[in-house]
Amino acid sequence: YQARFTMNTATAIAAGKMRSDCADMRVFTDANLQNPIPYYLESGCDTASTVIWAKVPTIAASSTNTIYVNYGISNRTSASNGNDVFIFFDDFESGAIDTNKWVVGGTANWIIETADSFQGSFSSKNGDINPYENSYIATKDGSGLVNIPAGRTGIIDFYWKVGSYTSYDFNFYCKTDVDATLPTCTRTSGYINRISGTVPWTRE
C-alpha cells in the first residue's frame with residue numbers, strides 16, 4: 001500500500017537535527033526502528049510541508065497504521081526510491097526515456113527536458129510540433145508494468161505543466177484497460193483531463 005503524508009522538515013533542519021537535503025531520512029513500521037520500509041521523498045525538503053510516500057506492507061480492514069520517520073544520522077545517503085514504492089514510477093532522472101517503460105511517437109517523439117523540471121535535473125516533454133500534429137508518450141505495450149491487482153483501486157499521480165495556445169493546443173492523458181499500440185484518446189474525446197494555455201507545474 002502506498003501511503004502519502006507530509007511533515008515539517010524545515011524545523012528539524014533549522015535546529016540542526018536533519019541534513020539540509022533530507023538524505024538522512026528513513027521510514028519504519030515500528031517505534032524501535034527495526035523494520036524499515038521503502039519511501040520516496042516527492043518534494044519540499046526543508047519546508048513545512050515535505051511530501052513523502054511510503055510503501056506500507058499491510059493495512060488491516062477498517063484500521064489505521066502508524067509509521068515512524070527517523071533522521072539525524074548525518075553520514076547516511078538518501079534511500080528515497082520511487083521504483084521501490086510504486087507499481088510504476090519514473091522521474092526521468094536517468095536523463096533518458098526508459099524504453100523498458102515507455103513508447104514515444106507521433107509527429108515528433110517525446111523527449112527529455114533539461115531546462116525545466118518540477119524537481120531534480122530532468123523532466124520529459126513533447127517533441128517540437130506544429131498545429132494539427134501530435135507527440136505522445138505511453139506505457140510500453142504489453143509490459144505489464146501498470147497492472148492493478150483485482151479488487152484494488154489504482155491512482156495515477158504526476159506533475160505536469162503546459163505552455164500553449166489556450167483552448168486550442170492541449171496536453172492531455174487517458175488510460176486503456178487493454179494493451180494498445182497508440183493512445184486511445186484525442187484532444188477532443190476520451191481523455192481523463194487536459195490543460196492548455198500557461199499552466200505551471202501542477203499535481204494531477
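**Figure 1. The loop residue Cys22 in the predicted model.** Cys22 is buried, with a relative accessible area of 2%. In this predicted model, the residue occupies the loop between helix 1 (9-14) and strand 2 (26-28). Although Cys22 is not a glycine, its phi is positive, at about 65 degrees. Most residues other than glycine have a negative phi.

**Figure 2. Ser62, a second residue with positive phi.** Ser62 is not a glycine, yet its phi is positive at about 55 degrees. Ser62 belongs to the loop between strand 4 (50-55) and strand 5 (68-70). Is Ser62 buried or exposed? With a relative accessible area of 85%, Ser62 is exposed, whereas Cys22, at 2%, is buried.

**Figure 3. The stacked pair of Phe118 and Tyr159.** The structure holds twelve aromatic pairs, and one of them joins Phe118 and Tyr159 in a stacked arrangement. The ring centres of Phe118 and Tyr159 lie 3.8 Å apart, with 15 degrees between the planes. Phe118 is located in the loop between strand 7 (111-113) and strand 8 (123-125), and Tyr159 in strand 10 (residues 159-163), so the pair ties together parts that are 41 residues apart in sequence. Phe118 has a relative accessible area of 32% and is partly exposed. Tyr159 also counts as partly exposed, at 22% relative accessibility; the value is not under 20%, and therefore Tyr159 is not classed as buried.

**Figure 4. The edge-to-face pair of Tyr132 and Tyr168.** The rings of Tyr132 and Tyr168 form an edge-to-face aromatic pair, with 6.4 Å from centre to centre and 85 degrees between the planes. This pair links distant parts of the chain, 36 residues apart. Tyr132 is placed in the loop between strand 8 and strand 9 (135-139), and Tyr168 in the loop between strand 10 and strand 11 (171-173). Tyr132 counts as exposed, at 77% relative accessibility, whereas Tyr168 is partly exposed, with a relative accessible area of 33%.

**Figure 5. Arginine side chains over aromatic rings.** Tyr168, the partner of Tyr132 in the edge-to-face pair, also has Arg187 over its face. Arg187 is positioned at 5.2 Å from the ring centre of Tyr168. Arg194 lies over the face of Phe170, at 3.9 Å from the ring centre. In the protein as a whole there are 15 positive and 20 negative side chains, and the centres of these two sets are 5 Å apart.

Figure 6. Which residues form one aromatic cluster? The members are Tyr40, Trp53, Phe86 and Phe89. Of the 204 residues, 27% are buried. Among contacts with a separation of 6 or more, 63% come from residues 24 or more positions apart. The protein exposes about 12,500 Å², of which carbon and sulfur atoms supply 49%.

Technical notes:
Residues numbered from 1 in each chain as written. Predicted model: local features only at pLDDT ≥ 70, side-chain atom pairs only at ≥ 80, totals over all residues. Heavy atoms only, no water. Buried < 20%, exposed > 50% of the residue type's maximum accessible area, 1.4 Å probe, protein only. Contact = heavy atoms within 4.5 Å. Areas by Shrake-Rupley, 256 points an atom, 1.4 Å probe, with all protein chains shown as cover. Lys, Arg positive; Asp, Glu negative; His and termini not counted. Charge placed at Lys NZ, Arg CZ, Asp CG, Glu CD. Phe/Tyr/Trp six-rings, centres within 6.5 Å; stacked < 30°, edge-to-face > 60°. Helix = DSSP H or I, 4+ residues; strand = E, 2+ residues; numbered from the N terminus. Lys NZ or Arg CZ within 6 Å of the ring centre and 35° of its normal.
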